[in-house]
Amino acid sequence: VCIRTGMTRKTREAFLEGYQSLNKLTEIEINNLQFFVKIAHIWSWAIHVEGLKNYDYSRLDHHYFTQRLQKLKFLVSHEWQLF
């Protein structure tokens with residue numbers, strides 16, 4: 001979601017700080033957050049594609065897949081850091 005909405009790094013850091021004030025993450029969890037964002041992106045994509053079985057979802061066209069692949073490439077690049 002933070003990729004699609006343009007959520008800033010400062011906002012993501014504030015969210016994590018607020019979350020941790022209620023529920024501390026382990027060091028392993030914190031170290032893997034960047035990986036989990038990539039998995040969440042693929043999972044979200046899978047949900048949309050799975051919906052094709054039940055709905056005629058016309059937004060899942062060439063542009064949709066191109067955009068999703070570009071975002072995934074960005075997420076695996078060294079340029080993007082969650083925190």
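Modeller: Accessible areas here come from the Shrake-Rupley method with a 1.4 Å probe, and for residues only the protein chains shown count as cover. By that method the chain exposes about 6700 Å², with carbon and sulfur atoms supplying 61% of it. This is a predicted model: local features need pLDDT of at least 70, side-chain atom pairs count only at pLDDT 80 or more, and totals for chains, interfaces and linings use all residues. Residues are numbered from 1 along each chain as its sequence is written, and side-chain values use heavy atoms, leaving out hydrogens and water.

Biologist: How many helices and strands does the chain have?

Modeller: There are five helices and zero strands. Helices (H or I, at least four residues) and strands (E, at least two) are DSSP runs, numbered from the N terminus.

Biologist: Which residues in α2 are buried?

Modeller: Arg12, Leu16 and Gln20 are buried in α2. Buried means under 20% relative accessible area, exposed over 50%, and partly exposed in between (1.4 Å probe, protein chains only).

Biologist: Why do they line one face of the helix?

Modeller: Seen down the axis of α2, its buried residues fall within an arc of 70 degrees, so they line one face. The arc is that of the directions from the helix axis to the C-beta atoms. On the other side of α2, Lys10, Phe15, Glu17, Ser21 and Leu22 are exposed.

Biologist: Changing topic, where does Phe35 lie?

Modeller: Phe35 lies in helix α4, residues 33–50. Phe35 is partly exposed, with a relative accessible area of 47%.
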